[in-house]
Amino acid sequence: MTVRMRHTRAHTGNRRSHHALQAPQISTCPNCSAPYMRHRMCPTCGTYRGREVVDMVAKKERSIERAKVKAKSRGLDVHEATEKAKEEATPTKKKSTATKAASKKAKK
Ligand SMILES: [Zn+2]
């Protein structure tokens, strides 16, 4: 596709009037009070609209297990890889709230 003709400044301005970026809509999770994107699952506790969608504890354990296997197959330090995977599984300092939320669910 080629540009057919030179546009007027007004035309260009009108087109560019829709080019502004918008900040993402961020809300706080009602379950663990961590920030999350609207219309998406909470990445910290794995709930959506008050319902648990993903078991985040199991997900974390799985990723650690996968890192262990990977480190073993590559002949790397397994302990170091495990620690790294643990850190990556909990991106924020919200680890304590996430585990609290999980324990709360276990009581129910
Ligand atoms: Zn949450």
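In this predicted model, helices α2 and α3 cross each other in a right-handed sense. Two packed helices are described by the angle between their axes and the distance between the axes. Here the axes of α2, which covers residues 56–74, and α3, which covers residues 78–89, come within 8 Å and cross at roughly 150 degrees. Angles over 145 degrees count as roughly antiparallel, and α2 and α3 are therefore roughly antiparallel to each other.

**Where the two helices meet**
- On the α2 side the contact is made by Lys60, Ser63, Ile64, Ala67, Lys68, Ala71 and Lys72, while α3 contributes Val78, Ala81, Thr82, Lys84, Ala85, Lys86 and Ala89.
- Sorted by class, the residues in this contact are seven nonpolar, two polar and five charged.
- An α-helix has 3.6 residues a turn, so residues three or four places apart point the same way.

**Helix α2 and its end**
- Helix α2 has 19 residues and reaches 27 Å from its first C-alpha to its last, which is close to the 27 Å expected at 1.5 Å a residue.
- After α2 comes glycine 75, which has a positive phi, near 70 degrees.

**Confidence in the model**
- Across the protein the mean pLDDT is 82, and 81% of the residues reach 70 or more.
- Over residues 93–101 the pLDDT stays under 50, and for this stretch the model has 14 contacts beyond four places in sequence.

Note on methods
Residues numbered from 1 in each chain as written. Predicted model: local features only at pLDDT ≥ 70, side-chain atom pairs only at ≥ 80, totals over all residues. Axes fitted to C-alpha atoms, helices over the stretch in contact; angles between N-to-C directions. Helix = DSSP H or I, 4+ residues; strand = E, 2+ residues; numbered from the N terminus. Parallel < 35°, antiparallel > 145°, perpendicular 65-115°, else oblique. Left-handed = near helix turned anticlockwise from the far one by under 90°. Contact = placed C-beta atoms within 7 Å. Nonpolar A, V, L, I, M, F, W, Y, C, P; charged D, E, K, R; others polar. Expected span 1.5 Å × (residues − 1). pLDDT = per-residue confidence, 0-100.
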